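My notes follow in the order in which I looked things up.

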Amino acid sequence: MSLLVDFAAWLGTTSLSALVIGHDWLVPAIQVVHILAVAGVLIASLHIHLRALNLLERDVAQEQVTARFLPILWGALGVLAFTGLLLIASEPTRAMFRTIFWVKLALATAASIGTWAQGPLALRFNTGGVAVSPAQRVLAVATLLVWLGVIYAGRWIAYADAWAGAPA
Amino acid sequence: MSLQSVALWLSETPLALELADSNWLFGTVEALHVAALTLVIGSIALVDLRLIGVGPARGTAQEVLERLVPFTLVGFALALASGSVLLFANPIGYSENFWFAAKFSLLALAGINALVFHLFAQSKLAEPGSVIPRISGAISLSLWLGIVIAGRWIGYTL
(Lines give C-alpha, C1' and ligand atoms only; values in the text may rest on other atoms or scores of the structure.)
Protein backbone atom coordinates (compact mmCIF):
# COMPACT_ATOMS: atom_id res chain seq x y z
CA MET A 1 0.00 0.00 0.00
CA SER A 2 2.99 2.34 0.54
CA LEU A 3 3.40 2.81 -3.22
CA LEU A 4 -0.24 3.94 -3.43
CA VAL A 5 0.19 6.24 -0.44
CA ASP A 6 3.25 7.81 -2.13
CA PHE A 7 1.36 8.16 -5.40
CA ALA A 8 -1.64 9.75 -3.66
CA ALA A 9 0.64 12.15 -1.79
CA TRP A 10 2.42 13.12 -5.03
CA LEU A 11 -0.88 13.49 -6.92
CA GLY A 12 -2.15 15.79 -4.17
CA THR A 13 0.79 18.15 -4.79
CA THR A 14 0.30 18.42 -8.58
CA SER A 15 -1.16 21.46 -10.30
CA LEU A 16 -3.83 19.16 -11.78
CA SER A 17 -5.08 18.36 -8.29
CA ALA A 18 -4.93 22.05 -7.32
CA LEU A 19 -6.90 22.98 -10.43
CA VAL A 20 -9.71 20.46 -9.77
CA ILE A 21 -9.89 21.23 -6.05
CA GLY A 22 -9.77 24.99 -6.68
CA HIS A 23 -13.11 25.13 -8.50
CA ASP A 24 -16.24 23.84 -6.76
CA TRP A 25 -18.13 23.33 -10.01
CA LEU A 26 -15.38 21.33 -11.70
CA VAL A 27 -15.90 17.98 -9.91
CA PRO A 28 -19.62 17.67 -10.76
CA ALA A 29 -18.85 18.91 -14.29
CA ILE A 30 -16.23 16.16 -14.69
CA GLN A 31 -18.76 13.66 -13.32
CA VAL A 32 -21.26 14.76 -15.99
CA VAL A 33 -18.68 14.02 -18.71
CA HIS A 34 -17.91 10.71 -16.93
CA ILE A 35 -21.61 9.72 -17.02
CA LEU A 36 -21.92 10.70 -20.71
CA ALA A 37 -18.89 8.49 -21.46
CA VAL A 38 -20.54 5.61 -19.55
CA ALA A 39 -23.55 6.10 -21.85
CA GLY A 40 -21.20 5.84 -24.85
CA VAL A 41 -19.67 2.62 -23.52
CA LEU A 42 -23.07 1.14 -22.74
CA ILE A 43 -24.70 1.89 -26.09
CA ALA A 44 -21.64 0.70 -28.07
CA SER A 45 -21.46 -2.55 -26.06
CA LEU A 46 -25.20 -3.07 -26.35
CA HIS A 47 -25.02 -2.80 -30.14
CA ILE A 48 -22.14 -5.27 -30.35
CA HIS A 49 -23.56 -7.84 -27.93
CA LEU A 50 -27.24 -7.56 -28.85
CA ARG A 51 -26.17 -8.17 -32.44
CA ALA A 52 -24.55 -11.41 -31.21
CA LEU A 53 -27.85 -12.29 -29.54
CA ASN A 54 -29.74 -11.53 -32.79
CA LEU A 55 -31.69 -8.76 -31.08
CA LEU A 56 -30.29 -5.78 -33.01
CA GLU A 57 -29.16 -5.16 -36.61
CA ARG A 58 -29.61 -8.85 -37.41
CA ASP A 59 -29.34 -8.17 -41.15
CA VAL A 60 -25.74 -6.96 -40.74
CA ALA A 61 -22.69 -9.19 -40.12
CA GLN A 62 -21.34 -9.18 -36.55
CA GLU A 63 -17.89 -7.98 -37.59
CA GLN A 64 -19.41 -4.95 -39.35
CA VAL A 65 -21.38 -3.94 -36.26
CA THR A 66 -18.30 -4.49 -34.09
CA ALA A 67 -16.12 -2.44 -36.45
CA ARG A 68 -18.66 0.43 -36.37
CA PHE A 69 -19.07 0.59 -32.59
CA LEU A 70 -15.61 -0.36 -31.26
CA PRO A 71 -14.16 3.11 -32.03
CA ILE A 72 -16.98 4.60 -29.90
CA LEU A 73 -16.18 2.14 -27.11
CA TRP A 74 -12.43 2.97 -27.17
CA GLY A 75 -13.11 6.71 -27.37
CA ALA A 76 -15.58 6.59 -24.46
CA LEU A 77 -13.16 4.45 -22.41
CA GLY A 78 -10.44 7.05 -23.06
CA VAL A 79 -12.74 9.81 -21.79
CA LEU A 80 -13.61 7.64 -18.75
CA ALA A 81 -9.93 7.09 -17.96
CA PHE A 82 -9.13 10.81 -18.25
CA THR A 83 -12.12 12.03 -16.25
CA GLY A 84 -11.54 9.23 -13.74
CA LEU A 85 -7.96 10.44 -13.26
CA LEU A 86 -9.23 13.99 -12.73
CA LEU A 87 -11.74 12.74 -10.15
CA ILE A 88 -8.99 10.84 -8.32
CA ALA A 89 -6.85 13.99 -8.42
CA SER A 90 -9.70 15.87 -6.72
CA GLU A 91 -9.50 13.48 -3.77
CA PRO A 92 -6.32 11.37 -4.00
CA THR A 93 -6.87 9.62 -0.66
CA ARG A 94 -10.35 8.33 -1.54
CA ALA A 95 -11.06 5.91 -4.40
CA MET A 96 -7.68 4.20 -4.69
CA PHE A 97 -7.85 2.99 -1.09
CA ARG A 98 -11.11 1.12 -1.53
CA THR A 99 -11.27 -2.47 -2.80
CA ILE A 100 -14.37 -1.72 -4.88
CA PHE A 101 -12.37 0.78 -7.01
CA TRP A 102 -9.94 -1.98 -8.06
CA VAL A 103 -12.83 -4.38 -8.60
CA LYS A 104 -14.35 -1.78 -10.93
CA LEU A 105 -11.11 -1.44 -12.91
CA ALA A 106 -10.74 -5.24 -13.18
CA LEU A 107 -14.35 -5.65 -14.33
CA ALA A 108 -14.02 -2.78 -16.85
CA THR A 109 -10.88 -4.39 -18.29
CA ALA A 110 -12.61 -7.79 -18.55
CA ALA A 111 -15.73 -6.27 -20.14
CA SER A 112 -13.64 -4.26 -22.64
CA ILE A 113 -11.80 -7.41 -23.73
CA GLY A 114 -15.10 -9.32 -23.89
CA THR A 115 -16.63 -6.64 -26.11
CA TRP A 116 -13.59 -6.43 -28.39
CA ALA A 117 -13.55 -10.24 -28.67
CA GLN A 118 -16.90 -10.36 -30.48
CA GLY A 119 -15.13 -9.30 -33.72
CA PRO A 120 -12.37 -11.97 -33.65
CA LEU A 121 -14.89 -14.60 -32.49
CA ALA A 122 -17.12 -13.82 -35.47
CA LEU A 123 -14.14 -14.25 -37.81
CA ARG A 124 -12.92 -17.38 -35.96
CA PHE A 125 -16.20 -19.25 -36.22
CA ASN A 126 -16.92 -17.72 -39.61
CA THR A 127 -20.55 -18.69 -39.34
CA GLY A 128 -21.14 -16.89 -42.60
CA GLY A 129 -23.49 -14.08 -43.43
CA VAL A 130 -25.45 -12.90 -40.44
CA ALA A 131 -25.43 -16.09 -38.30
CA VAL A 132 -23.73 -16.13 -34.87
CA SER A 133 -22.17 -18.94 -32.86
CA PRO A 134 -23.23 -20.09 -29.36
CA ALA A 135 -19.84 -18.88 -28.03
CA GLN A 136 -20.68 -15.35 -29.16
CA ARG A 137 -24.04 -15.49 -27.41
CA VAL A 138 -22.52 -16.70 -24.15
CA LEU A 139 -19.87 -13.99 -24.38
CA ALA A 140 -22.58 -11.37 -25.06
CA VAL A 141 -24.65 -12.21 -21.97
CA ALA A 142 -21.59 -12.56 -19.73
CA THR A 143 -20.02 -9.29 -20.89
CA LEU A 144 -23.22 -7.27 -20.59
CA LEU A 145 -23.59 -8.53 -17.01
CA VAL A 146 -19.99 -7.52 -16.30
CA TRP A 147 -20.67 -4.01 -17.68
CA LEU A 148 -23.61 -3.74 -15.28
CA GLY A 149 -21.21 -4.81 -12.54
CA VAL A 150 -18.87 -1.97 -13.56
CA ILE A 151 -21.66 0.58 -13.15
CA TYR A 152 -22.67 -0.93 -9.81
CA ALA A 153 -19.09 -0.97 -8.53
CA GLY A 154 -18.55 2.59 -9.74
CA ARG A 155 -21.51 3.87 -7.77
CA TRP A 156 -20.44 1.84 -4.75
CA ILE A 157 -17.09 3.67 -4.44
CA ALA A 158 -19.05 6.48 -2.75
CA TYR A 159 -20.27 4.16 0.02
CA ALA A 160 -17.48 1.63 0.60
CA ASP A 161 -15.17 1.88 3.60
CA ALA A 162 -11.50 2.67 3.04
CA TRP A 163 -8.80 0.13 3.89
CA ALA A 164 -7.54 0.09 7.45
CA GLY A 165 -4.53 2.39 7.69
CA ALA A 166 -5.39 4.31 4.51
CA PRO A 167 -4.48 8.02 4.54
CA ALA A 168 -7.31 10.27 5.70
CA MET B 1 -52.16 19.67 0.27
CA SER B 2 -48.91 21.61 -0.23
CA LEU B 3 -45.69 20.21 -1.73
CA GLN B 4 -44.04 20.46 1.68
CA SER B 5 -46.73 18.43 3.42
CA VAL B 6 -46.48 15.75 0.70
CA ALA B 7 -42.69 15.71 1.19
CA LEU B 8 -43.13 15.42 4.95
CA TRP B 9 -45.59 12.55 4.52
CA LEU B 10 -43.21 10.75 2.11
CA SER B 11 -40.33 11.14 4.59
CA GLU B 12 -42.27 9.17 7.21
CA THR B 13 -43.19 6.19 4.99
CA PRO B 14 -41.59 2.77 5.66
CA LEU B 15 -39.65 3.00 2.36
CA ALA B 16 -38.13 6.35 3.39
CA LEU B 17 -37.09 4.94 6.77
CA GLU B 18 -35.62 1.82 5.13
CA LEU B 19 -33.63 3.96 2.65
CA ALA B 20 -32.32 6.10 5.48
CA ASP B 21 -31.21 3.03 7.46
CA SER B 22 -29.78 0.94 4.65
CA ASN B 23 -26.69 2.02 2.71
CA TRP B 24 -26.86 -0.94 0.32
CA LEU B 25 -30.49 -0.28 -0.69
CA PHE B 26 -29.89 3.38 -1.57
CA GLY B 27 -26.62 2.58 -3.37
CA THR B 28 -28.20 -0.28 -5.31
CA VAL B 29 -31.19 1.78 -6.46
CA GLU B 30 -28.84 4.65 -7.33
CA ALA B 31 -26.66 2.31 -9.43
CA LEU B 32 -29.79 1.08 -11.24
CA HIS B 33 -30.80 4.72 -11.82
CA VAL B 34 -27.38 5.50 -13.33
CA ALA B 35 -27.52 2.38 -15.56
CA ALA B 36 -31.04 3.27 -16.74
CA LEU B 37 -30.13 6.91 -17.33
CA THR B 38 -27.06 5.97 -19.40
CA LEU B 39 -29.26 3.64 -21.48
CA VAL B 40 -31.66 6.55 -22.13
CA ILE B 41 -28.84 8.98 -22.94
CA GLY B 42 -26.91 6.53 -25.11
CA SER B 43 -29.90 5.47 -27.20
CA ILE B 44 -31.44 8.92 -27.51
CA ALA B 45 -28.09 10.47 -28.44
CA LEU B 46 -27.72 8.03 -31.35
CA VAL B 47 -31.24 8.88 -32.53
CA ASP B 48 -30.69 12.64 -32.14
CA LEU B 49 -27.31 12.51 -33.88
CA ARG B 50 -28.90 10.57 -36.75
CA LEU B 51 -31.63 13.23 -36.99
CA ILE B 52 -28.92 15.89 -37.14
CA GLY B 53 -27.20 13.82 -39.84
CA VAL B 54 -24.13 12.49 -38.04
CA GLY B 55 -23.19 9.53 -35.83
CA PRO B 56 -22.66 5.79 -36.25
CA ALA B 57 -26.30 4.65 -36.41
CA ARG B 58 -26.98 2.78 -39.66
CA GLY B 59 -30.00 3.25 -41.91
CA THR B 60 -32.55 6.00 -42.43
CA ALA B 61 -33.64 8.20 -39.54
CA GLN B 62 -36.98 6.36 -39.44
CA GLU B 63 -35.18 2.98 -39.19
CA VAL B 64 -32.91 4.27 -36.43
CA LEU B 65 -35.95 5.59 -34.55
CA GLU B 66 -37.75 2.25 -34.79
CA ARG B 67 -34.62 0.34 -33.75
CA LEU B 68 -33.54 2.46 -30.77
CA VAL B 69 -36.61 4.13 -29.28
CA PRO B 70 -37.63 0.85 -27.52
CA PHE B 71 -34.28 1.02 -25.65
CA THR B 72 -34.99 4.62 -24.69
CA LEU B 73 -38.44 3.70 -23.41
CA VAL B 74 -37.17 0.73 -21.36
CA GLY B 75 -34.37 2.89 -19.93
CA PHE B 76 -36.78 5.70 -19.15
CA ALA B 77 -39.23 3.34 -17.38
CA LEU B 78 -36.37 1.95 -15.25
CA ALA B 79 -35.03 5.46 -14.52
CA LEU B 80 -38.50 6.64 -13.55
CA ALA B 81 -39.08 3.65 -11.24
CA SER B 82 -35.66 3.87 -9.57
CA GLY B 83 -35.84 7.67 -9.40
CA SER B 84 -39.23 7.43 -7.69
CA VAL B 85 -37.70 5.17 -5.02
CA LEU B 86 -34.73 7.55 -4.56
CA LEU B 87 -37.20 10.39 -4.00
CA PHE B 88 -38.22 8.72 -0.74
CA ALA B 89 -34.66 9.02 0.60
CA ASN B 90 -34.88 12.79 1.08
CA PRO B 91 -38.27 14.14 -0.08
CA ILE B 92 -38.02 17.38 1.89
CA GLY B 93 -34.54 18.11 0.54
CA TYR B 94 -35.60 17.37 -3.05
CA SER B 95 -38.75 19.48 -2.77
CA GLU B 96 -36.64 22.54 -1.84
CA ASN B 97 -33.82 21.91 -4.33
CA PHE B 98 -33.48 24.19 -7.36
CA TRP B 99 -31.66 21.60 -9.49
CA PHE B 100 -34.31 18.98 -8.78
CA ALA B 101 -36.97 21.39 -10.08
CA ALA B 102 -34.70 22.24 -13.03
CA LYS B 103 -34.26 18.55 -13.89
CA PHE B 104 -38.01 17.94 -13.93
CA SER B 105 -38.64 21.10 -15.95
CA LEU B 106 -36.09 19.94 -18.54
CA LEU B 107 -37.67 16.44 -18.53
CA ALA B 108 -41.06 18.05 -19.24
CA LEU B 109 -39.53 20.09 -22.09
CA ALA B 110 -37.89 16.92 -23.50
CA GLY B 111 -41.30 15.23 -23.40
CA ILE B 112 -42.94 18.18 -25.19
CA ASN B 113 -40.13 18.17 -27.78
CA ALA B 114 -40.68 14.43 -28.37
CA LEU B 115 -44.43 15.00 -28.77
CA VAL B 116 -43.90 17.90 -31.18
CA PHE B 117 -41.44 15.76 -33.15
CA HIS B 118 -43.92 12.90 -33.34
CA LEU B 119 -46.76 15.17 -34.43
CA PHE B 120 -44.99 17.55 -36.83
CA ALA B 121 -41.43 16.50 -37.67
CA GLN B 122 -41.50 12.71 -38.04
CA SER B 123 -43.52 12.96 -41.26
CA LYS B 124 -40.80 15.15 -42.73
CA LEU B 125 -38.01 12.61 -42.19
CA ALA B 126 -38.22 11.37 -45.77
CA GLU B 127 -38.08 14.89 -47.22
CA PRO B 128 -34.54 15.55 -48.42
CA GLY B 129 -32.96 18.63 -46.86
CA SER B 130 -35.68 19.15 -44.25
CA VAL B 131 -34.25 21.08 -41.30
CA ILE B 132 -37.10 20.42 -38.86
CA PRO B 133 -35.88 16.94 -37.81
CA ARG B 134 -32.37 18.38 -37.39
CA ILE B 135 -33.65 21.15 -35.12
CA SER B 136 -35.69 18.65 -33.11
CA GLY B 137 -32.65 16.38 -32.70
CA ALA B 138 -30.45 19.29 -31.59
CA ILE B 139 -33.05 20.47 -29.07
CA SER B 140 -33.46 16.93 -27.68
CA LEU B 141 -29.70 16.46 -27.35
CA SER B 142 -29.35 19.81 -25.53
CA LEU B 143 -32.25 19.06 -23.19
CA TRP B 144 -30.90 15.62 -22.23
CA LEU B 145 -27.46 17.11 -21.60
CA GLY B 146 -29.17 19.62 -19.32
CA ILE B 147 -31.02 16.80 -17.55
CA VAL B 148 -27.73 14.99 -16.79
CA ILE B 149 -26.13 18.24 -15.58
CA ALA B 150 -29.09 19.12 -13.34
CA GLY B 151 -29.25 15.56 -12.02
CA ARG B 152 -25.58 15.57 -11.04
CA TRP B 153 -25.87 19.00 -9.42
CA ILE B 154 -28.68 17.78 -7.17
CA GLY B 155 -26.16 15.62 -5.31
CA TYR B 156 -23.98 18.64 -4.56
CA THR B 157 -26.71 21.01 -3.45
CA LEU B 158 -29.00 18.90 -1.24
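I began with A:Leu85, which I found in helix 4 (residues 62–90) of chain A; helices here are DSSP runs of H or I with at least four residues, strands are runs of E with at least two, and both are numbered from the N terminus. The model is predicted, so local features need pLDDT of at least 70 and side-chain atom pairs count only at pLDDT 80 or more, while totals for chains, interfaces and linings use all residues. Residues are numbered from 1 along each chain as its sequence is written, chains are lettered from A and ligands numbered from 1 in the order in which they are written, and side-chain values use heavy atoms, with hydrogens and water left out.

I noted A:Leu85 as partly exposed because its relative accessibility is 37% (buried is under 20%, exposed over 50%, partly exposed in between, with a 1.4 Å probe and protein chains only). From A:Leu85 to A:Val138 I read 53 residues in sequence and 33 Å in space, C-alpha to C-alpha.

Next I looked at helix 4 of chain A against helix 6 (residues 118–125) of chain A, whose axes come within 9 Å and cross at roughly 160°. Helix 4 of chain A is therefore roughly antiparallel to helix 6 of chain A (under 35 degrees counts as roughly parallel, over 145 as roughly antiparallel, 65 to 115 as roughly perpendicular, the rest as oblique). Which residues meet there? I listed A:Gln62, A:Glu63 and A:Thr66 from helix 4 of chain A, facing A:Gln118, A:Gly119, A:Ala122 and A:Leu123 from helix 6 of chain A, with contact meaning heavy atoms within 4.5 Å. By class, this contact has 2 nonpolar, 4 polar and 1 charged residues.

I then turned to the two chains, where 27 residues of chain B are in contact with 28 residues of chain A. The area buried between them is about 2,500 Å², 77% of it from carbon and sulfur atoms (the accessible area, with a 1.4 Å probe, that two parts lose on being put together, summed over both). B:Thr38, B:Arg58 and B:Arg152 supply 21% of the area that chain B buries against chain A, more than any other three residues.

Last, I checked helix 7 (residues 134–156) of chain A with helix 3 (residues 23–52) of chain B, which pack at an angle of about 130° with axes 9 Å apart. That angle makes helix 7 of chain A oblique to helix 3 of chain B. Among the residues that meet, I noted A:Tyr152 and A:Trp156 in helix 7 of chain A, and B:Trp24 and B:Thr38 in helix 3 of chain B.

Technical notes:
Axes fitted to C-alpha atoms, helices over the stretch in contact; angles between N-to-C directions. Nonpolar A, V, L, I, M, F, W, Y, C, P; charged D, E, K, R; others polar.
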